[in-house]
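Student: I would like to go through the charged pairs of a chain. Please show it to me.

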Amino acid sequence: MMTRIIGVGNYIPSEMITNLFFDKHIFLNEEGALLKENNASITEKLKKITGIEERRYAHSTQVTSDLGLIAAQAAIENAGIDPETLDYIIFAHNFGDVRFGTIQSDTVPSLAARVKHLLGIKNNFCVAYDVLFGCPGWIEGVIQANAFIKAGIAKRCLVIGAETLSRVVDIHDRDSMIYADGAGAAVLEVNTDDESGIKSHLSASFTFNEKDYLYFGKSYNNEKCPDTRYIKMDGRKIYEYALVNVPEAMKKCLDNSGYSINELDKIIIHQANEKMDEAIVSRFYQLYNVPVPENIMPMVIHKLGNSSVATIPSLLAMILKGELEQHELKKNDVVLFASVGAGMNINAFVYQF
């Protein structure tokens with residue numbers, strides 16, 4: 001018995017934010033002093049390191065659950081199922097619904113419950129709950145859905161990943177340019193027909209020394225925003241941590257699947273930083289002493305930025321819908337999914353289509 005994906009969907013917000021958007025921002029350092037570089041140099045450095053040229057922001061009338069609903073509807077339609085047959089709705093996010101122009105996070109009721117309500121599902125035994133697991137949240141939701149299905153607790157689950165990071169960034173912190181909004185979703189069900197499905201998975205939480213590499217902290221403009229807290233990160237420590245630990249986790253997950261490195265067709269990895277992702281994949285292949293294959297890792301961070309839990313399901317939907325040149329997924333293709341983020345958490349799963 002396997003767990004397979006039968007439908008995918010995503011939502012890419014319509015508001016395109018180019019790097020020019022930040023031209024008039026006042027960027028400060030942690031001590032509140034003005035950065036010496038001009039904004040053009042700052043954004044050019046951002047592009048060189050992360051690859052980000054554009055990102056998408058949700059419309060001012062939308063919140064995270066709205067984005068998740070659209071992706072969920074697309075996944076349900078793609079799967080061709082009756083939503084009343086869903087046993088679980090698992091919604092991965094990190095900051096809840098934060099309305100435009102406010103600073104308060106709204107998580108009661110859960111975002112999953114809101115989506116279930118908006119889908120019009122009357123089945124009381126369709127369980128809806130949220131997952132907070134940093135950027136790896138959607139993969140963790142998939143792993144949980146797989147566990148329910150393998151245990152016979154569920155036959156069909158909807159896993160959503162959505163975020164509006166544009167609502168929780170410090171406009172005086174240059175790291176704010178990395179973040180974006182978006183949503184992705186997938187419907188998973190029990191498969192007894194063939195060998196397609198999840199072959200292995202792995203999760204880890206590094207909290208002894210790494211807990212605060214990503215955190216909520218004060219604004220760099222302490223005069224104007226003394227009591228407001230925003231998403232903050234120690235980019236250097238995250239980079240070093242990811243390069244050491246993510247390739248090892250990916251290798252362990254692949255080895256547990258029974259597939260060899262030469263059987264791997266794609267790596268769908270969290271889109272956080274192009275240079276970091278390239279380095280992670282390079283080190284992963286070095287562990288097997290083989291070169292990195294061409295076109296093994298699809299990237300959309302250039303145009304979509306880092307939308308946290310939404311990056312992987314959204315990217316998967318784009319590939320399966322034929323929206324990315326040079327990238328496709330065929331029957332029997334083997335894909336390694338991997339993510340890293342706040343916690344610090346790492347997870348992965350190997351999937352055969």
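Tutor: A salt bridge is a side-chain nitrogen of Lys or Arg within 4 Å of a carboxyl oxygen of Asp or Glu. This is a predicted model, in which local features need pLDDT of at least 70 and side-chain atom pairs count only at pLDDT 80 or more, while totals for chains, interfaces and linings use all residues. Residues are numbered from 1 along each chain as its sequence is written, and side-chain values use heavy atoms, with hydrogens and water left out.

Student: How many salt bridges does the count come to?

Tutor: The chain has 34 positive and 44 negative side chains, where Lys and Arg count as positive and Asp and Glu as negative, with His and the chain ends not counted. Under the rule above, the number of salt bridges is 16.

Student: Which residue meets Glu 37 in a salt bridge?

Tutor: The N to O distance of this pair is 3.7 Å. Glu 37 lies in the loop between β2 (15-18) and α1 (39-50) and its partner in the loop between β6 (156-164) and β7 (181-191), so the pair ties together parts 137 residues apart in sequence. Helices (H or I, at least four residues) and strands (E, at least two) are DSSP runs, numbered from the N terminus. The partner is Arg 174.

Student: Is Asp 170 buried or exposed?

Tutor: Asp 170 forms a salt bridge with Lys 232, with the closest N and O atoms 2.7 Å apart. Buried means under 20% relative accessible area, exposed over 50%, and partly exposed in between (1.4 Å probe, protein chains only). Like Lys 232, Asp 170 is buried.

Note on methods. Charge placed at Lys NZ, Arg CZ, Asp CG, Glu CD.
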